[in-house]
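Hi everyone, thanks for making the time. I'd like to walk you through one structure today, so let me put it on the screen.

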Amino acid sequence: PKTGATRILDCPFGTGHWATHYLEFGADVIGIDLSPAMLDEAKTKLEALPVELKSRVTLCEQSAFDLKPSKDEYFPDLIVCIRFLNWIDFHQVKALLGILSDYNTPQMIIGASVVPTGTGLIRRAWYDLSLKLINQRGKRKDGRVQFVHDEGELLALIENLGWSAIETSVIMRRN
């Protein structure tokens with residue numbers, strides 16, 4: 001990206017679901033994803049855009065865990081990490097958010113499934129059981145499972161990394 005606009009690092013970028021929205025707001029986009037298939041889908045979506053918009057998107061096939069903020073030539077103004085935290089355990093969440101924090105960007109948007117702070121023991125046990133059943137029934141061929149993190153632990157981690165949660169929003173609620 002070369003326009004001098006707000007730079008957004010979106011990782012993992014996936015199929016580029018948000019790319020056109022970023023571009024509508026005049027942002028340059030760096031999309032990071034480990035999956036070549038996802039990036040191919042994103043490229044297909046981007047092909048429909050005018051050249052001046054496509055040129056503001058840089059796609060990189062790379063793991064978010066392999067980002068090297070001190071060596072990268074781009075420093076984003078905003079980092080977006082949506083849905084990925086649902087596929088990694090809390091130890092990996094700590095590692096990833098540590099890496100992303102090393103960019104020292106002013107803002108980050110993250111999305112994660114959480115057990116809300118203040119959830120009682122019975123409801124927490126219900127959530128744990130439900131998640132186990134979901135993971136048993138829906139286990140993928142690659143063995144990946146979903147994770148639901150403790151909201152308090154996630155917010156404490158964010159604070160320990162030097163961030164503050166300006167706003168939290170419930171996107172959807174499940175039993």
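Let's start with asparagine 86, which touches Ala112, Ser113, Val145, Gln146 and Phe147, leaving aside residues up to four places away in sequence; contact here means heavy atoms within 4.5 Å. Asparagine 86 sits in the loop between strand 4 and helix 4. With a relative accessibility of 14%, asparagine 86 counts as buried. For the cut-offs, buried is under 20% relative accessible area, exposed is over 50%, and partly exposed is in between, with a 1.4 Å probe and protein chains only. Helices (H or I, at least four residues) and strands (E, at least two) are DSSP runs, numbered from the N terminus.

A word on where this comes from: it is a predicted model, in which local features need pLDDT of at least 70 and side-chain atom pairs count only at pLDDT 80 or more, while totals for chains, interfaces and linings use all residues. Residues are numbered from 1 along each chain as its sequence is written, and side-chain values use heavy atoms, with hydrogens and water left out.

Now to strand 4 itself. Which way do its side chains point? Leu78 and Val80 point one way from strand 4, residues 78-81, while Ile79 and Cys81 point the other way, and all are buried.

Strand 4 has partners, too. Strands pair if DSSP finds at least two bridges between them. Strand 1, residues 7-10, runs parallel to strand 4 and is joined to it by three bridges. In that pairing, aspartate 10 is opposite valine 80. Strand 5, residues 107-110, also runs parallel to strand 4, with four bridges joining the two. There, leucine 78 stands opposite glutamine 107, and isoleucine 79 has methionine 108 as its bridge partner.

Bring in helix 4, residues 90-101, and you have a β-α-β unit: strand 4, helix 4 and strand 5, with a right-handed crossover. Right-handed means that, with the strands pointing away from the viewer, the path from the first strand over the helix to the second runs clockwise.

On to the charged pairs. How many salt bridges does a search of the whole structure find? It finds three, where a salt bridge is a side-chain nitrogen of Lys or Arg within 4 Å of a carboxyl oxygen of Asp or Glu.

One of them joins aspartate 77 and arginine 7, with the closest N and O atoms 3.5 Å apart. This pair links distant parts of the chain, 70 residues apart: aspartate 77 is in the loop between strand 3 (57-61) and strand 4, and arginine 7 is in strand 1. Aspartate 77 is partly exposed at 26% relative accessible area, and arginine 7 is partly exposed at 31%.

Another is between arginine 56 and aspartate 28, at 3.4 Å from N to O. Here too, distant parts of the chain are linked: arginine 56 lies in the loop between helix 3 (51-54) and strand 3, aspartate 28 lies in strand 2 (residues 28-33), and they are 28 residues apart. Are these two buried or exposed? Both arginine 56 and aspartate 28 are buried.

There is also a salt bridge between glutamate 47 and lysine 54, at 3.5 Å from N to O. Glutamate 47 is exposed, with 54% relative accessible area, whereas lysine 54 is partly exposed, with 24%.

Last stop, helix 6, residues 151-160. Leu154, Leu157 and Ile158 in this helix are buried. They are on the same side of helix 6, because they cover an arc of only 100° around the axis; that arc is taken from the directions from the helix axis to the C-beta atoms. As a reminder, an α-helix has 3.6 residues a turn, so residues three or four places apart point the same way. Glu159 and Asn160, on the other side of helix 6, are exposed.

What do the buried residues of helix 6 pack against? They pack against helix 4, strand 5, strand 6 (114-115) and strand 7 (149-150). Just after helix 6, glycine 162 takes a positive phi of about 95°.

That's my tour, and I'm happy to take questions.
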